[in-house]
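Let me put it on the screen.

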Amino acid sequence: MDLSLSTRTEGNRTVVVVGGEIDVYTAPKLREQLIDLVSSGAYHLVVDMESVDFLDSTGLGVLVGGLKRVRAHDGSLRLVCTQERILKIFRITGLTKVFPIHATVEEAVSATD
Amino acid sequence: MPTVELRFSPLPAHVRTARLLAAVVARRAGVDESLIDEVKLAVGEACARAVGIHQAYAPGDEIVVELNDDGGAFVACVRDRGPSDADTAVEATGAAVADLPDLLDVDVLADPGESGDPGAAMPPGFGLAVIAGLVDDVEVTPADPGTVVRMTWAPSAR
């Protein structure tokens, strides 16, 4: 299974819906998407990972890279994820302290720092 | 001799093949279904690490994955042919989960100053540290040349 990506705007947030597998092969596609969004002025991102089946450390690296980019513009990057198998890798790596993780897109979109 | 051996050229696209194959052999070896995601992630991390090292040091050489289910346990070995100090291999496994925050400094990670390749956002050895965090029984040993990452899962008690 490949990676699927789509984006939509909700208020001043840009929601990136990711599906499939984020690994060493597909992560560059997600990286390009995040770079394009930040380049076009979208600094408040919500990455919806509910349809992600697999995530490895390369994928984590891309998300961290995205976080760095939006923070350079005082932006934010929030994740939506309730899947235990995906949350586990965030917990193991301590990245739950780096990313705000929400249960729904609505919750993430309405969240403020 | 391994039950199943996979050799692949160091391309990211082949990592998925390796982890799916590992999952199939692990299931056959009786690894509990609840651990299959862990097998896929750990073998995938080891192969992704090997691909990165080969692309830098040994682009013409194949990466070898050995999957064994003949000893009462499922053992996955991933062999690369890069320099054995290509990343902080041995230190990273020694570090294990407790020391991950040191390896993965949250403030450094979230520092917006770095504008380079975000793929390089993770420190060297991060993939191995993830494996060490996932798998109870993992050994990283220098080979000549390269490194062997050996991961073992016990079959489920039935």
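Before the first number, one term: I call two residues in contact if their C-beta atoms, placed from the backbone, lie within 7 Å. Please also keep in mind that this is a predicted model. With that term in hand, take the contacts in chain B with a separation of 6 or more: 71% of them are between residues 24 or more positions apart. Of the 158 residues of chain B, 42% count as buried.

Now the layout. Chain B has 6 helices and 5 strands, and along the sequence they follow the pattern β-α-α-β-β-α-α-α-α-β-β.

Let's look at the sheet. In what order do the 5 strands of the open sheet in chain B sit? The order is S1-S2-S3-S5-S4, with antiparallel pairing. At the edges of the sheet in chain B you find strand S1 (4-8) and strand S4 (137-142), each of which pairs on one side only. From one strand to the next, the twist averages 15 degrees. If you zoom in on strand S2 (residues 63-68) and strand S3 (residues 74-80) of chain B, you'll see them running antiparallel, joined by 5 bridges. As an example, Glu66(B) has Cys77(B) in S3(B) as its bridge partner.

On to the helices. Helix H2 (residues 36-57) of chain B lies across S2, S3 and strand S5 (147-153), and it runs at about 10 degrees to S3(B). H2(B) also packs with helix H1 (residues 13-28) of chain B, at an angle of about 145 degrees and with the axes 8 Å apart. The crossing of these two, H1(B) and H2(B), is right-handed. Among the residues that meet there are Ala18(B), Ala22(B) and Arg19(B) from H1(B), and Val43(B), Gly44(B) and Cys47(B) from H2(B). By class, the contact between H1(B) and H2(B) has 11 nonpolar, 1 polar and 3 charged residues.

Finally, the core. The largest nonpolar core has 74 residues, and those with the most contacts inside it include Val47(A), Ala42(B), Val43(B), Cys47(B) and Ile131(B). Which element gives the largest share of this core? That's H2(B), with 10 residues. My last stop is Ile131(B): leaving aside neighbours within four places in sequence, Ile131(B) is in contact with Ala42(B), Glu45(B), Ala46(B), Val138(B), Val149(B) and Met151(B).

That's my tour, and I'm happy to go back to any view.

Key: Residues numbered from 1 in each chain as written. Chains lettered and ligands numbered in written order. Predicted model: local features only at pLDDT ≥ 70, side-chain atom pairs only at ≥ 80, totals over all residues. Pairing = 2+ DSSP bridges. Helix = DSSP H or I, 4+ residues; strand = E, 2+ residues; numbered from the N terminus. Axes fitted to C-alpha atoms, helices over the stretch in contact; angles between N-to-C directions. Buried ≥ 20, exposed ≤ 12 C-beta atoms within 10 Å, placed from the backbone. Core = buried A, V, L, I, M, F, W, Y, C linked by C-beta atoms within 7 Å. Left-handed = near helix turned anticlockwise from the far one by under 90°. Nonpolar A, V, L, I, M, F, W, Y, C, P; charged D, E, K, R; others polar.
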